[in-house]
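Dear colleague,

I am passing on the structure we spoke about, and I would be glad if you could read the notes below alongside it.

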Amino acid sequence: MLSRIPLEAFRVFEAAARHGNFSAAARELGVTQAAVSRRIRGLEDQLGAALFLRRGRHVRLSEAGRQLHTRTRAALDYLEEALAPFQTEATQRPVALVAAGSVSHLWLGPHVRAFAREHPGVSLRLTTSDAMGDLANDHHDVTILYGSGEHPKWRLSPLVAEELVPVAAPSLLAETGLAPPLTPSEILRLDLIDYARVNAHWIPPAAWFDAEGQPVPADKPRLSFTSYLSAIEAAVQGDGVTLGSLGLIAGHIAAGRLVALSPSVLSTGFGYHLGLPRNRSVSADALALYRHLLTARSWR
């Protein structure tokens, strides 16, 4: 059967499965949506199984599709790894990883340290930057990009979904006598911490209150920081309430340094995506790091 199915069909299927969207897969591959649909339909006909469940414009993997995607992704990674010895330059330098400051400090650190322990022979160079030009520079081997999951230079996979909720330190709640869950008006009795938007899609704290039908008064927020990381650190210190991205601050919540103040979570549809360069192969070490980070994903 394999001899009758072109490799391109599996590349198209893998992209469609990863994005959960035929249009996004088409943009990644540089083809039309109709071409993706035809290739998927042809693959389903050859396999005799539905790989996607279709409802209007929305698609999701069937059980057979999930099983095939797991094996297809592993096979393509294996092929990338087999090509790595031909990339002489790539095998002679450290794996270059780039991520924004908030991701590096709040989420990435423990996973990089775990990877280093498991791969003592691999050299890793981490670049931390909030400049999109640095994050999207495909001279790096692996990137973490914020957005919707599409980029012309990177093949992206969902990593950390953006799910936002007001958070504060337990010490601040103890001082005020408040206990979660709190209403939006109760939360606004506390000092509100804002942060600079380094990406056009970043959500300010006021957006969560707007979604709850509670406008933020003109005298709030009282504190404002030039970085999201600084805003989170201020909240940990008990200086006020800020909007927490649950996937990024999971460590703080698990350790009891921050608590969610409301059960209402704002899911923006954006998030952080893990990427490999589209136009070149990377080393086996870079692929190992990519797979390691992907196993830690928190995208539902």
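Which residues of helix 2 (residues 22–29) are buried? They are F22, A24, A25, A26 and E28, where buried means under 20% relative accessible area, exposed over 50% and partly exposed in between, with a 1.4 Å probe and protein chains only.

Please keep in mind that this is a predicted model, in which local features need pLDDT of at least 70 and side-chain atom pairs count only at pLDDT 80 or more, while totals for chains, interfaces and linings use all residues. Residues are numbered from 1 along each chain as its sequence is written, and side-chain values use heavy atoms, with hydrogens and water left out. Helices (H or I, at least four residues) and strands (E, at least two) are DSSP runs, numbered from the N terminus.

The buried residues of helix 2 pack against helix 1 (7–19), helix 3 (33–47), strand 1 (52–55), strand 2 (58–61) and strand 6 (154–168), contact being heavy atoms within 4.5 Å.

As for helix 1, its axis and that of helix 2 come within 8 Å and cross at roughly 130 degrees, where axes are lines fitted to C-alpha atoms, for helices over the stretch in contact, and angles run from 0 to 180 degrees between N-to-C directions. The two helices, helix 1 and helix 2, are therefore oblique to each other, given that angles under 35 degrees count as roughly parallel, over 145 as roughly antiparallel, 65 to 115 as roughly perpendicular and the rest as oblique. The contact is made by R11, V12, A15, A16, R18 and H19 of helix 1 together with F22, A24, A25, E28 and L29 of helix 2, and these residues divide into seven nonpolar, one polar and three charged (Ala, Val, Leu, Ile, Met, Phe, Trp, Tyr, Cys and Pro count as nonpolar, Asp, Glu, Lys and Arg as charged, and the others, Gly among them, as polar).

With helix 3, helix 2 packs at an angle of about 105 degrees, the axes being 8 Å apart, and the pair is therefore roughly perpendicular. Here F22, S23, A25 and A26 in helix 2 meet Q33, V36, S37 and I40 in helix 3, a contact with five nonpolar, three polar and no charged residues.
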